[in-house]
Amino acid sequence: MKVYEIVEGTQGILVLGNKDDEINFFSQDSRQMTNGGMYIPLKGERFDGHNFIESAFQTGAQAIISEKDVNYEDKIVIKVKDTYQALKDMASYLRNHRPVKVVGVTGSVGKTSTKEMIAAVLGQKYNVLKTQGNFNNELGLPLTVFGLRAEHQIAVLEMGISDFGEMHRLAKIARPDTCVITNIGLCHLEFLKSRDGILKAKTEIFDFLKEDGHIILNGDDDKLITVTDVKGIKPVFFGVENKNGIWADEIESRGLKGIECRIHVKDESFKVLVPIPGRHMVYNALAGTAVGLTYGLTLDEIKAGIESLQSLSGRFHILENEKKNITVIDDCYNANPVSMKASLEVLQDALGRKVALLGDMGELGKNEVEMHREVGRFAAEKDIDVIVCTGTLCKEMAEAAKEVSNGKKVLYFENREALEDALDELILPGDSILVKASHFMQFEKIVKKLAE
């Protein structure tokens, strides 16, 4: 961005510097400024980024926006009222003044894997910018937008929320040409209360949808199917049960190699192997197909994109430890009842003894105990040899699993540290191990120990 664009976008005041200079790097982390660029000091409950301005300049920053009076010769200084709001305003300005198309992806479950699928498909024809990791909130989304370069043709932006109003603010930044919603599940009930509340919050993504835009929804979701018309735009639905749009059948698991299906588009179809296991990946492939068709890809290009998909660390990433002779399914980034059940379903297809290492699920609201018990019963009914539950709420999961386990091995550990200490005795050569919990449980430390 040119300095004058930043001033215009933030309605700030240029205190020092040349308005025609260009800024190519933005960060709120003073330690990341070695490449030059602009430091954006943010305020938190226990810190104030303004205290690190000197450090940011020492590590290479060339420019700054600031709520406080700052005077550094030979630097660019822009005074603003609120740096956090300025961050979002800059991203909104940048998105509005660049000719890139934007695909916004949201939903209760599967946002990141669907984003990755869509980017893999579109990447067969276009130069694509995509959200890195889970940079999907009011800080992460602007930082993703700042990654836009002249060569980018389409941006695939993941958009995550936990309360009402958040999606409206995210949509104002992203201004999507295409909106994709994966499902309406049981996430963030602590704030959104019900699935109807989640539907209301997620569909705020339509608030800034372009007039000639597109809406792509999961037609098997009983809440999303109620969306019939938005700003005169009729949704395109995808599904397995719902065959009124883009749909799939002939679904067959190939174990940990992935899942195969046939995707139907009007009177055409193609067979494809999604290289990540799990029935839920069929829905991701269908979403990717719908977006690919929207942007003019052929079915051959879409098939190639789907089959090129690679898993992310923490999201059903399969690790082989040849020394220990074990397979680790790293799905520890996050968890809710829907994703937990989907991962347990896939574990059944693994080779050897099947071990589920499960941890607490967060932000489930007042029914969190029963939801953990429900997952426990579900796990005990599957073809899984050992169920290991860890955490305060998982005590309920373990008890429910034992009630219906018919003698199946069910273990409980009070915390992650206790589980770590027991891993050497618990895991045997030839095991396939699912590691799944909400992020706050830090189960990535379990994965690291298993992978050593």
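Author: A residue is buried under 20% relative accessible area, exposed over 50%, and partly exposed in between. Keep those cut-offs in hand. The model is predicted.

Reader: How many aromatic pairs does the count come to?

Author: Two.

Reader: Why is the pair of Phe26 and Phe146 called stacked?

Author: The ring centres lie 4.4 Å apart, with 25° between the planes. Pairing needs centres within 6.5 Å, and stacked needs planes under 30 degrees apart.

Reader: How do you know whether Phe26 and Phe146 are buried or exposed?

Author: Phe26 has a relative accessible area of 9%. Phe146 has 5%. The limit for buried is under 20%, so Phe26 and Phe146 are both buried.

Reader: What makes the pair of Phe57 and Tyr72 tilted?

Author: The centres are 4.6 Å apart and the planes 50° apart. Stacked is under 30 degrees, edge-to-face is over 60, and the rest is tilted. An angle of 50° falls in the rest, so this pair is tilted.

Reader: Where do Phe57 and Tyr72 lie in the chain?

Author: Phe57 is in helix α2 (residues 53-58). Tyr72 is in the loop between β4 (63-66) and β5 (76-79). They are 15 residues apart.

Reader: Why is Tyr72 called partly exposed?

Author: Tyr72 has 25% relative accessibility. That lies between 20% and 50%, so Tyr72 is partly exposed. Phe57, at 10%, is buried.

Reader: How do you know that the charged end of Lys88 sits over the ring of Tyr84?

Author: It is 4.5 Å from the ring centre. The distance limit is within 6 Å, and the charge must also be within 35 degrees of the ring normal. The charged end of Lys88 is listed as sitting over the ring of Tyr84.

Reader: What makes β1 and β2 edge strands?

Author: Five strands form an open sheet in the order β1-β5-β4-β3-β2, with mixed pairing. β1 (13-16) and β2 each pair on one side only.

Reader: How do you know that β2 and β3 pair?

Author: β2 and strand β3 (residues 38-39) share two bridges, in the parallel sense. At least two are needed, so the strands pair. Phe26 stands opposite Met38 in β3.

How values were computed. Residues are numbered from 1 along each chain as its sequence is written. This is a predicted model: local features need pLDDT of at least 70, side-chain atom pairs count only at pLDDT 80 or more; totals for chains, interfaces and linings use all residues. Side-chain values use heavy atoms; hydrogens and water are left out. Rings of Phe, Tyr and Trp (its six-membered ring) pair if their centres lie within 6.5 Å; planes under 30 degrees apart count as stacked, over 60 as edge-to-face and the rest as tilted. Buried means under 20% relative accessible area, exposed over 50%, partly exposed in between (1.4 Å probe, protein chains only). Helices (H or I, at least four residues) and strands (E, at least two) are DSSP runs, numbered from the N terminus.
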